[in-house]
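Please read it alongside the sequence and the coordinates.

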Amino acid sequence: MSDKSNSFFSNAISGIFFNPYFLIRQKLYQAIADIAPMLNGMVVDLGCGTKPYRHLFTSCSNYLGLDIEVSGNTDSKAEVDIYYDGKTFPMESDSVDHVFSSETFEHIFNLEEILQEIHRVLKPGGLLLATCPFFWPEHEKPYDFARYSSFGLMHLLKKNGFEIVQYRKTGTYVSSMIQMQALYLYFFVHKIPLVSYLFFWLLITPLFLVALFLETVLPQRILRNDLYLNNIILAKKI
């Protein structure tokens, strides 16, 4: 994966100058970084793609990428260790310490079936760390099937044998709306040859700076988080 692609999955402040996904990716990265060290032993990354968060799992002894062969993700699949058929993982029951899955649930049409499969391969007490967007445009078309609210996601996990250990949202009304404005502008800006970076700095960077400022100074009751960017959930097999 190129350095530029790596930086799109980073929380580096320099992303305000070139990363159209800066707000959503910065907050997502930080949430994963906070929780990832809790997952030790064997960690399976479901929907791994290029494994952009692998380096955050500092306590694991074995990190395996599991993905489906045909998807809407055009990134290189070179980091995939094991492919599955969309229904069954090629793993024994109670054989995996923990599962991580980031921005994948919205691309799984049969999510309940896959949650049951995650439950099957996890060892008793094993953790599932999952993230999925709430407010985001359609992507990886046509393999974009759902958006999950906090209530819907927790309901599905509890229904399929998990206990919620931790749940958090990333983003607020303010950062969500500004992120969408930036993404909309980027749709046009990146098509402008030679001066695309200049237009980014003039039009999009100021929006990101405004979002960072407002989320620093405004109280939560003004910011509100009933419109937000991502679900971050840590659940335990019971």
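## A polar contact at K27

The side chains of K27 and E215 are joined by a polar contact of 2.6 Å, a polar contact being a pair of N or O atoms within 3.5 Å, of which, within protein, one must be able to donate a hydrogen and the other to accept it, with residues adjacent in sequence counted only if both atoms are side-chain atoms. This is a predicted model, in which local features need pLDDT of at least 70 and side-chain atom pairs count only at pLDDT 80 or more, while totals for chains, interfaces and linings use all residues. Residues are numbered from 1 along each chain as its sequence is written, and side-chain values use heavy atoms, with hydrogens and water left out.

K27 lies in helix α2 (residues 22-35), helices being DSSP runs of H or I with at least four residues and strands runs of E with at least two, numbered from the N terminus. K27 counts as buried because its relative accessibility is 18%, the limit for buried being under 20% relative accessible area with a 1.4 Å probe and protein chains only. Apart from neighbours within four places in sequence, K27 is in contact (heavy atoms within 4.5 Å) with T170, G171, S175, E215 and L229.

## Helix α5

Among the buried residues of α5 are V174, S175, I178 and Y186, and what covers the buried residues of this helix includes α2, α6 (196-217) and α7 (220-223).

Conventions
Buried means under 20% relative accessible area, exposed over 50%, partly exposed in between (1.4 Å probe, protein chains only).
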